[in-house]
Amino acid sequence: MALIELIDFKKIRKALWYLLCIIISISLQNLLCARVALFGVHAFFIPVVIIAFGVFEGAVWGASLGLIAGYFCDITMLESTVLFMVLFAALGFASGFLTEFIINRRFFSYFVLALAGLILTVICQIIPFWIFKGTSLWKLLPTMILQTLWSAVFTVPAYFAV
């Protein structure tokens, strides 16, 4: 009996709801956003969801849920790297830390953090093309801007969903 009293079922229930939210988000990302392209650019809104986790739940929850979402994102992408796992954990931790100690938990703060996270995600995605494949940065810049703007549309639904 003593062991069951130590288990916090509210946290377990909350973690299961957030895992369901991650699974639904990644499913929508891979099933819907992979089919719809605006000027040949697909939206990538998973960082927005991770930042929302960090803003509402704090640095520890943001980092752990970002790690889980990044792992599932890395599994579903063609290239098998750890880019999204590390990046999403850092985004979740940073957004949670900033909202716990520096900025407030309002929509405007969340929107600024989401835009910064989307820009950082796009930069991390283009680095292999820019450095290792020698693609000009000026050719990658329109894709970066379009992906950031197209993904920023999902900030409002992610804010209210989380």
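Leaving out neighbours within four places in sequence, Gln147 is in contact with Val41, His42, Phe44, Val122 and Gln125. Contact here means heavy atoms within 4.5 Å. One of these partners is also a polar one: the side chains of Gln147 and Gln125 are joined by a polar contact of 2.9 Å. A polar contact is a pair of N or O atoms within 3.5 Å; within protein, one must be able to donate a hydrogen and the other to accept it, and residues adjacent in sequence count only if both atoms are side-chain atoms.

This is a predicted model, in which local features need pLDDT of at least 70 and side-chain atom pairs count only at pLDDT 80 or more, while totals for chains, interfaces and linings use all residues. Residues are numbered from 1 along each chain as its sequence is written, and side-chain values use heavy atoms, with hydrogens and water left out.

Gln147 sits in helix α7, residues 137–152. Helices (H or I, at least four residues) and strands (E, at least two) are DSSP runs, numbered from the N terminus. Is Gln147 buried or exposed? Gln147 has a relative accessible area of 12%, so it is buried. The cut-offs are under 20% relative accessible area for buried and over 50% for exposed, with partly exposed in between (1.4 Å probe, protein chains only).

Stay on helix α7 and go to Ser151. Its relative accessible area is 1%, so Ser151 is buried. Which residues does Ser151 touch, leaving aside neighbours within four places in sequence? They are Ala43, Phe44, Phe45, Val48 and Leu118. Phe44 is in the list for Ser151, and Phe44 is in the list for Gln147 as well.

Ile46 and Ser151 are 105 residues apart in sequence, yet their C-alpha atoms are 8.9 Å apart in space. Ile46 is buried because its relative accessible area is 2%. Beyond the neighbours within four places in sequence, its contacts are Ser25, Ile26, Gln29, Ala69, Cys73 and Phe88.

Helix α3 also holds Phe56. Phe56 counts as partly exposed because its relative accessibility is 30%. With neighbours within four places in sequence set aside, Phe56 is in contact with Arg105, Tyr159 and Val162. Leu140 is 84 residues from Phe56 along the chain, and 33 Å separates their C-alpha atoms.

Next comes helix α6, residues 107–132, where Leu115 lies. Leu115 has 26% relative accessibility and so counts as partly exposed. From Leu115 to Leu149 is 34 residues in sequence and 8.7 Å in space, C-alpha to C-alpha. Ile123 is in helix α6 too. At 34% relative accessibility, Ile123 also counts as partly exposed. Ile123 and Lys14 are 109 residues apart in sequence, with 32 Å between their C-alpha atoms.

The strands bring a loop into view. Where is Phe39? Phe39 lies in the loop between β1 (37–38) and β2 (41–42). Its relative accessible area is 71%, so Phe39 is exposed. The backbone of Phe39 has a phi near 55 degrees, a positive value in a residue other than glycine.

Step back to the whole chain. How many helices and strands does the protein have? There are eight helices and two strands. Along the sequence they run α-α-β-β-α-α-α-α-α-α. The radius of gyration is 17 Å, close to the 15 Å that the globule rule gives for 162 residues, so the protein is as compact as a globular protein of that length. That radius is taken over C-alpha atoms, and the globule rule is 2.2 Å times the number of residues to the power 0.38. The C-alpha trace spans about 65 × 35 × 25 Å along its principal axes.

Of the 162 residues, 36% count as buried. Take the contacts between residues at least 6 apart in sequence: 70% of them join residues at least 24 apart. The accessible surface comes to about 9800 Å², and 75% of that belongs to carbon and sulfur atoms. Accessible areas come from the Shrake-Rupley method with a 1.4 Å probe; for residues, only the protein chains shown count as cover.
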